[in-house]
Each structure stands twice: as structure tokens, then as C-alpha cells.
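Hi,

Here is the structure I promised to pass on.

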Amino acid sequence: MPDTNKPEIPFASMLAPLAGVSDLPFRRLCRKFGCSLAYIPMISAKSIVYSSENTEKMLAMHDNDRPLGIQFFGREPDMIAKAMEITSKYNFNTIDLNAACPVSKVTKKGEGAGLMEDPKLIKKILKVMVKNSDVPVSLKIRAGWSQTNVNAKEVALYAQDAGISALIIHGRTRAQKYGGRVDFNIIKEVKGALDIPVIGSGDSFSAEMIKQMMDETGCDHVAIARGALGNPWIFKETEELLKTGKIPERPDIAEITETMIEHLNAYVDFYGEYLGVMIFRKFFGWYTKGFYNIKPLRGRAFLTSTQNEMTDIINELHGLKTGLRRSIENDPSFPGITD
Ligand SMILES: Cc1cc2nc3c(=O)[nH]c(=O)nc-3n(C[C@H](O)[C@H](O)[C@H](O)COP(=O)(O)O)c2cc1C
């Protein structure tokens, strides 16, 4: 980032903000595999100000969980400034404004991707954020609202004018939500128009796909989202590919199961046994993408609520062939948010 007093992003890739996923145990696991910058899930500025949501678990952090970013959604500059003041005691290393969330509940209030329709308001909010922040402020946008209104470049220029330090762009429109393929052209266009670092987002499912995005768009960094679900190795593999040019080895079954058990145990420690196992169920599905004959074990994993039984089920994976984990990019069942 340009201001020398403010931290730069030392790695090519980072963990994107992921609602319902990028909690403390998940971030710590990703960091073990080389993730540098990570974000807590997006948080409503209003909910911070009025303490209307249980924000305690969302704001949980650890000394080893740095650098760490917070991402606000909202559309009232004063509300966001207040939320920044309240959260300043957590010393986040960077602050992002969300203009990318496609969920109707959010956009119908003109928040998230709804902000893309009002670039001047985005600039106004960002000016207030930059003025009130000691750390770099960024904006996360989409390509535009829909295919007939692709205005990422205009929004990005307004945002740069407001004094932000970096821009994150998910190269899909709001109308696309998480479907279809990411549009590298719009990321390239935005990168070409800005002087500040541009962080690309979309279809970052493997080290090779991340390198391809960086090569084809010229973006400075990549925010990894669905590609990290059940796949924390993606961080070290990306750094390895970018440094050496060699396609990294995928983890073997022993490493996968060891990591799954570590992940499960971290969730149980953080959320308690029942909730921890329930949340881990979806990760079981993600870790086992591409496994042959996985259905019966998945069926059992989705029914259990005890740590011991989940551990036994994970250990039974040893008998299965892993298949090609990279095939997830073509798997239409891979997670996205629909509303
Ligand atoms: C489960 C899930 C939660 C997400 N939560 C957020 C969020 O809180 N804030 C945000 O800016 N983007 C969020 N996103 C969007 C991602 O950060 C990313 O931009 C998007 O998934 C595109 O990248 P991908 O195609 O590599 O997954 C979320 C995506 C998913 C799948």
C-alpha cells in the first residue's frame, strides 16, 4: 500500500472476508498454511453501534491472528464512523467497506452491492472512513449491479479519490451472485485505471487459477474465498507456485485427515461440542470434495453431533481414494450464497 507508515500486504494472497466462515479457528488454521492477511466476516455497522447482534464471537481474535482486517457494511457515514470508533480498541490492521454483498436482505437497504448504484455516496462514506482511520482503508466492490450496468471502474476511481489504500474487486456482477465465471477483463480494466493496489477476487480455486488471474489482470494480490473451504493448503501452494513456477503437490490423505481433526478440535474448543460439530459438518463436505465413494461417510458426518463420532468418521477416510481435489472448480454444488 502506498503510505509507508501503513502496513503493506507481504503475500500475494489473503483470506477474503467470509460470512459464517472466516471465524477465529478457521483463520488460525489458514495462517498455519501461510495465509498472511485475513478478515473477519462482514459486520453491520448498525449492529456494532446498537449491539443488536452477538458480535463477541465475531470479534474474537488472537495475537497470532495478524494482520487482521474488519469489514463493515452499511450506508450511513456517521454510523460507520461510530462503529469504527467502537471497534478501534481491537486494533484491526485494515478496514474495508463492503459494496459487494449480493444478498437481497442487504442490497434492498442500499447496502453491500446496493451501494454500487451510488458511487458518490461510496466516496462520501470512504472519505469519512479515511479521515477517522489510522490504518489503511479499502473498498470491496463487484463488477457492477448487472451486465447492463458494469460500473466498477467509475466506482473505483471515486473510491481512489476518497483516499483509500487498496481496492478489492470481485469480478462478477451482483446479478451473477456466485454463478458463472469471474470476468478477468473488468479486473484488468480497474487495475489499469488505478494507482493504488488492486486485489482480485473470483474463482480462486487453486494456485494455478490464482496465478492465471494475476498474470491476466495484473492485479497485485488475490483474495481467496471458496478456494480455501476445506482447502487451507491453497495459501502455501500459491506462494510456492508464484515463487518457483512449479505446480505444488496436493496434500495426501494422512495430511488431510490430520488437518480435519485439528480443525474439528479447534471448533469444539471455540464453540463447544454440539455447535462446533454442527459447524464442522459443512467443512467435512468441503474437505472431501473429489473423494470417490464418499456418499455413505458424508451421510454419517451430516448426522453426527459428537466429536468422537466425527473423529471416527474422519479416520475412516483413510480407506478412500482422494481423486482430483482441483476438480471443484467445475462442481456446481460448490458453496455460494443464494438468497
Ligand atoms: C460463504 C461465503 C461468505 C462470504 N462472505 C463475504 C463477506 O462477509 N464479505 C465479502 O466482502 N465477501 C464475502 N463473500 C464473497 C467472497 O469474499 C468472494 O469475493 C467471492 O466468493 C468470490 O470469490 P470465489 O469465486 O473465489 O469464491 C463470501 C463468499 C462466500 C462463498
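A term to start with: helices (H or I, at least four residues) and strands (E, at least two) are DSSP runs, numbered from the N terminus. With that in hand, you can find D195 in the loop between α7 (184-193) and β8 (198-201).

Before going on, please note that this is a predicted model, in which local features need pLDDT of at least 70 and side-chain atom pairs count only at pLDDT 80 or more, while totals for chains, interfaces and linings use all residues. Residues are numbered from 1 along each chain as its sequence is written, and side-chain values use heavy atoms, with hydrogens and water left out.

Back to D195: is this residue buried or exposed? D195 is exposed, at a relative accessible area of 73% (exposed is over 50%, buried is under 20%, partly exposed is in between, with a 1.4 Å probe and protein chains only). Its C-alpha atom is separated by 26 Å from that of E208, 13 residues apart along the chain.

T288 sits in another loop, between α11 (273-287) and α12 (295-301). T288 counts as buried because its relative accessibility is 0%. Its side chain reaches the backbone oxygen of G285 at 3.3 Å, a polar contact (a pair of N or O atoms within 3.5 Å; within protein, one must be able to donate a hydrogen and the other to accept it, and residues adjacent in sequence count only if both atoms are side-chain atoms). T288 also touches M260, I294, R298 and L317, leaving aside residues up to four places away in sequence; contact here means heavy atoms within 4.5 Å.

Now the inside. A nonpolar core is a set of buried Ala, Val, Leu, Ile, Met, Phe, Trp, Tyr and Cys residues joined through side-chain atoms within 4.5 Å. The largest one has 93 residues, and F72, L139, L167 and F284 have the most contacts inside it. Helix α10 (residues 253-271) gives the most to this core, with 9 residues. A second, separate core has 8 residues, including M14, A16, Y39 and A166.

Finally, the ligand. It is surrounded by 18 residues, the closest being A19, Q71, S201, D203 and R226 (a residue is near if one of its heavy atoms lies within 4 Å). A backbone N or O atom of A19 is 2.7 Å from a ligand nitrogen atom, and a polar side-chain atom of S201 lies 2.7 Å from a ligand oxygen atom. A polar backbone atom of G202 is 3.5 Å from an oxygen atom of the ligand.

Cheers
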